[in-house]
Amino acid sequence: MKRYKVIAIPFAGGNKQSYRSFQKVTSNEIDWVTLELPGRGLRYKEKLLTSFDDMVLDLLKQVRSVISDNNSTYVMYGHSMGSLLGYEIVKKLTEQNLKLPVAMVFSGRAGPSIGPDEFLSELSGPDFWQKINDKGGLPIEVLKSEELMEFYYPIIKADFKAIEGYRYSKPDKPLTIPIHIYMGKKELGEGKTKMDEVNAWQLETKFPLNIQCMDGDHFFIYDYEAAVTRKIIHILKTSSRTLLFK
């Protein structure tokens, strides 16, 4: 049984293979576990979920299974939609007094208290894809392929409907877990995600928020697979050592 684990949750439209390149550069001592929602990947025969709460409950079952041995130290990682899902899962784990991650590492997402500025799931066809493209909401490889766009269309629509239906509920007190946020520099600015919206993650933790910006757009993580993976593993190991000496 490996001592360290990364529990990873994909972005809208993502599946179990979304972080395959990250997993490949992960050291042998780390167990990288990517979760998967219904309607995609190995679960393609299952009905897509359009309720954010249902997504959280589905993934929570998977997390409980991954941490059931109670011996491994882990971090929760998510990108974009995965960040929001990861945050809500950790809240559930806290409520149920289950083993918590030593840290949360999220990328490509403003704080959970920041709601959507528009409802993309209500759009269709070219208008929908244009808005997705404007926001950098999918890897460019998908947006360049009509076949892939057709395949991902119902998945992305369902995911955005779930995200747009999310209702933030402020916890009674901030989580006692550090939060590390990574953002692409090109996804920040006027008409995009603002830094004060990213800083809103500070509301969710009693620890000082750690924010780092890297060159690139919303999917900057794919330009820096090795670097992002090293950062996540460094956080995992240093956070676990900090807990030992508390």
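The buried residues of helix 6 are covered by, among others, helix 2 (52-66), helix 3 (81-95), helix 4 (125-135) and helix 5 (140-143). Helices here are DSSP runs of H or I, at least four residues, numbered from the N terminus. This is a predicted model, where local features need pLDDT of at least 70, side-chain atom pairs count only at pLDDT 80 or more, and totals for chains, interfaces and linings use all residues. Residues are numbered from 1 along each chain as its sequence is written, and side-chain values use heavy atoms, with hydrogens and water left out.

Which residues of helix 6 are buried? They are M149, Y152, I155, I156, K157, A158, D159, F160, A162, I163 and E164, buried being under 20% relative accessible area with a 1.4 Å probe, protein chains only.

Helix 6 also has a kink of about 45° at Y152, shortly before the proline P154. The bend is the angle between axes fitted to the seven residues ending there and the seven starting there.

Now helix 4 against helix 6. Their axes, lines fitted to C-alpha atoms over the stretch in contact, come within 12 Å and cross at roughly 75°. That makes the two roughly perpendicular, a term for angles of 65 to 115 degrees. G125, F128, W129 and I132 of helix 4 meet M149, Y153, I156, K157 and F160 of helix 6; contact means heavy atoms within 4.5 Å.

Last, helix 2 and helix 3. Their axes come within 9 Å and cross at roughly 65°, so this pair is roughly perpendicular. Helix 2 contributes F52, M55, V56, L59, L60 and V63 to the contact, and helix 3 contributes M81, L84, L85, E88, I89, K92 and L93.

Definitions and conventions:
Buried means under 20% relative accessible area, exposed over 50%, partly exposed in between (1.4 Å probe, protein chains only). Axes are lines fitted to C-alpha atoms, for helices over the stretch in contact, and angles run from 0 to 180 degrees between N-to-C directions. Angles under 35 degrees count as roughly parallel, over 145 as roughly antiparallel, 65 to 115 as roughly perpendicular and the rest as oblique.
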